[in-house]
Each structure stands twice: as C-alpha cells, then as structure tokens.
Amino acid sequence: MKTLLIVYHSMTDGTRQMAQAAASGAGGELAVQVRLLRAPDAGPQDVLLADAYVFATPENLAAMSGLMKDFFDRTYYAALDRINGRPYAVLICAGSDGRNAAKQIERIATGWRLKSIAEPLIVCTHAQTQQQILRPKQIAPGELTRCRDFGAAIAAGLSIGVF
Ligand SMILES: Cc1cc2nc3c(=O)[nH]c(=O)nc-3n(C[C@H](O)[C@H](O)[C@H](O)COP(=O)(O)O)c2cc1C
C-alpha cells in the first residue's frame, strides 16, 4: 500500500475544491491510501510517512499562502534528506496568474530533492475586484475534472511504480 499525501490551504474554498477533487480521483486506486490534510493540520510525521505528495495552495500576493508556507517552515528540516526522490505535484488556485506560487513550491521541493511528476495545474478564478476576490469560489466542473484526472494519474503511477 502506497500513501499519497495531499496538503492544502484555502481561504475562499477554491483550492479546497481542487484538492478534494484530486483526492477523489486518486481514491479510485485501491493500492493507494489518500491522506487529504489542511496545511495547519499537517506535520513532519505526515511528510515522512507518505510516498508521494500533492501540494495545493492559493496564490496570494504573488506567493503561496501564508499557512502553506508555515507548513513548509515547520516540516522542511525535519524531512530534509529523508524523502529524497519521492514524487510530487502542485495544484494552484489563482485569480489570474499562479506562476509565482508554483515556482516557490518547486524551489522547496528541489531542496527536498523531490521528483516533479507533472506540470503545476493552475486554475484561475478570474476574480479581479476586491468583492470577487473575497467571495467564496465555485470551481467550474471542467476544472474539477482536470483536478480529478490529475489525482487519478498520480495514484495510478504510484500504484504501478512508474515514478
Ligand atoms: C490577499 C490576496 C492576494 C492575492 N494575490 C493574488 C496574486 O498575486 N495572483 C493571483 O493570481 N491571484 C491573487 N489572489 C486571488 C486568489 O488567488 C484567488 O481568489 C483564489 O481563488 C484563492 O484561492 P482560495 O479560494 O483557495 O482561497 C489574491 C487573493 C487574496 C485574498
């Protein structure tokens, strides 16, 4: 049995829906246990015990969200040199960009010597005004299907050992 750890943070629910969709896609793979944890609830032991990772965050102020950064700050050194070579992928929920948040996570993953197994999947909610940005998000069904397929592909690869 392999374990896929999905760690996420979400302020207006978009990233949570994406992470949940990826988890339900991955959950179709019987040989893979999926653990979906909010960033504040995830710690070093969760990282050490997983075989693969999905990191999911909003892009806030051209960066990953503060609580996602806090997760990495709390786990980075405890896991350093103990998870080398494990596969990972990234989900980003952004208003209009998302690339900086993805790049920050990629740099941390490079430090951890993780292996990227997919291009970051970025969903843009097109929220522009203050009101739109602060409103709860509803991720479009087509985007959630992409997230579900993303999770399913990672779990399938993990179960047959292609990574
Ligand atoms: C404080 C703040 C800063 C933001 N900065 C960015 C940004 O730099 N780039 C971007 O594309 N979207 C930005 N957004 C928009 C969010 O990424 C977008 O609303 C997304 O849906 C948030 O994900 P969530 O619903 O999981 O919280 C920002 C939102 C907030 C609240």
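Me: Why is Ala-89 called buried?

Reply: Buried means under 20% relative accessible area, with over 50% called exposed and the range in between partly exposed (1.4 Å probe, protein chains only). Ala-89 has 1% relative accessibility, so Ala-89 counts as buried. Ala-89 is found in strand 5, where a strand is a DSSP run of E with at least two residues and a helix a run of H or I with at least four, both numbered from the N terminus. One caution: this is a predicted model, in which local features need pLDDT of at least 70 and side-chain atom pairs count only at pLDDT 80 or more, while totals for chains, interfaces and linings use all residues. Residues are numbered from 1 along each chain as its sequence is written, and side-chain values use heavy atoms, with hydrogens and water left out.

Me: What makes Ala-21 buried?

Reply: Its relative accessible area is 4%, and therefore Ala-21 is buried. Ala-21 has its place in helix 1. From Ala-21 to Arg-146 there are 125 residues in sequence, with 8.6 Å in space from C-alpha to C-alpha.

Me: And why is Thr-57 called buried?

Reply: Thr-57 has a relative accessible area of 0%, so the word buried applies. You will find Thr-57 in strand 3.

Me: What makes the pair of Thr-57 and Ser-65 a polar contact?

Reply: A polar contact is a pair of N or O atoms within 3.5 Å; within protein, one must be able to donate a hydrogen and the other to accept it, and residues adjacent in sequence count only if both atoms are side-chain atoms. Here a polar atom of the Thr-57 side chain lies 3.1 Å from the backbone nitrogen of Ser-65.

Me: Which residues count as surrounding the ligand, and what makes them near?

Reply: A residue is near a molecule or strand if one of its heavy atoms lies within 4 Å of it. The ligand is surrounded by 20 residues, and Ser-10, Thr-12, Thr-15, Glu-59 and Ala-62 are the closest. Strand 3 gives the most to this shell, with 3 residues.
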